[in-house]
Amino acid sequence: MNILNLKNRTIASQYVATELIKVMKARPNAVLGLATGSTMTDVYRYLVTLINANDMELNSIVTFNLDEYIGLAPDHKQSYYTYMHQHLFNHHKDWNKSNIYVPKGIAKDLQRACSDYEQALRNQGPADIQILGIGENGHIGFNEPYSPFDSQTRVVDLTASTINANSYHFSHIEDVPKQAISMGLDSIMSAKRIILLALGSRKKDIVKQLIEGQISEKLPASILHRHDNVEIIVDDEAYGANN
Ligand code: GLP
């Protein structure tokens, strides 16, 4: 696991966007594993800029998003489907809708939605690159503490701390869904390369625990120590550089 402090949000976000465009340039049918959250907004802003600057072929690029809230329709303001379209897909007409995979949070048969998603990932994958944020409790995707390391895409219950951390996107904390569909930890680990981005002082404690190196289901992100191509990209605040 390589840990790199890129000092600030701008440099770190530009780095991740550059790594994504490099993969897309090298392989027109690349498979990208994508993440949401406030951490990623500048990554997608720079990626849009780089796509426009490079006349990219997007039609055959395949993307898999890590997670989606259960109960939110794709056009709900706070759905991750909406987030991805607002920040990335709506910015270029050549993204191929049938190559965009976001778990279906309002499927009638949620178990089926999970297994279809996992199957698509296994058929189209492995992801050439997976980007990840991290929750303050160590979750990746919505794999909360004590998620099994061998988990695949499934319905998960969100912890009170995650509901609280994500509530600022919603008008009332009661509006935050209590469940989600998340790519599993085993599914995430199937990616050829993983970049985890952690920014800001809110992430300092969890980054410290992660880099201390103990591998435990209590800290879901610690599974990344078992992957041989992982970078943890942080800024000064998440690194605790100023203390
Ligand atoms: C959310 C998402 C994660 C994301 C994390 C951090 O709950 N499910 O995929 O990485 O929490 O979010 P943020 O970047 O807003 O801190």
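This is a short walk through one predicted structure, from the ligand site to the core and then the loops.

Some ground rules. Residues are numbered from 1 along each chain as its sequence is written, and side-chain values use heavy atoms, leaving out hydrogens and water. The model is predicted, so local features need pLDDT of at least 70 and side-chain atom pairs count only at pLDDT 80 or more, while totals for chains, interfaces and linings use all residues.

Let's begin with the annotation. UniProt, in an unreviewed entry, places the feature "domain: Glucosamine/galactosamine-6-phosphate isomerase" at residues 12–227. UniProt positions follow the numbering used here, feature names are shortened, and annotations may be inferred rather than shown by experiment. In the model, that span is 33% helix and 14% strand, and its end C-alpha atoms lie 21 Å apart. Helices (H or I, at least four residues) and strands (E, at least two) are DSSP runs, numbered from the N terminus.

Now the ligand. Which residues are closest to it? Ser38, Thr39, Asp67, Asn166 and Lys203, out of 14 that surround it. The cut-off there is one heavy atom within 4 Å. Ser38 has an N or O atom 2.7 Å from a ligand oxygen. Asn166 has one 2.9 Å from an oxygen of the ligand. Asp67 puts a polar side-chain atom 2.8 Å from a ligand nitrogen. On its own the ligand has 390 Å² of accessible area, and the protein covers 96% of that. Those areas come from the Shrake-Rupley method with a 1.4 Å probe; for residues, only the protein chains shown count as cover.

Next, the core. In soluble globular proteins, nonpolar side chains tend to be buried together. By nonpolar core I mean buried Ala, Val, Leu, Ile, Met, Phe, Trp, Tyr and Cys residues joined through side-chain atoms within 4.5 Å. Buried is under 20% relative accessible area, exposed is over 50%, and partly exposed is in between (1.4 Å probe, protein chains only). The largest core has 66 residues, and Leu88 and Ile131 touch the most other members. Helix H1, residues 9–26, gives the largest share, seven residues. Another core, of ten residues, lies apart from it; Phe142, Val156, Ile163 and Phe170 are among them.

Stay with Leu88. Beyond four places in sequence, its contacts (heavy atoms within 4.5 Å) are Leu34, Tyr44, Leu47, Val48, Ile51 and Trp95. Helix H3, residues 80–87, has Tyr80, Thr82, Tyr83, Met84 and His85 buried. Those residues pack against several elements, including helix H2 (41–53) and helix H5 (160–166).

On to the loops. Thr153 sits between strand S6 (129–132) and strand S7 (154–157). Is Thr153 buried or exposed? Buried, because its relative accessible area is 9%. Its side chain makes a polar contact with the side chain of Glu118, at 2.6 Å. A polar contact is a pair of N or O atoms within 3.5 Å; within protein, one must be able to donate a hydrogen and the other to accept it, and residues adjacent in sequence count only if both atoms are side-chain atoms.

Last, backbone geometry. Most residues other than glycine have a negative phi, and most peptide bonds are trans. The Gly125 to Pro126 bond is cis, with omega near 5 degrees. Lys7 has a positive phi, near 80 degrees, and is partly exposed at 46%. Asp55 has a positive phi of about 45 degrees, and is exposed at 73%.
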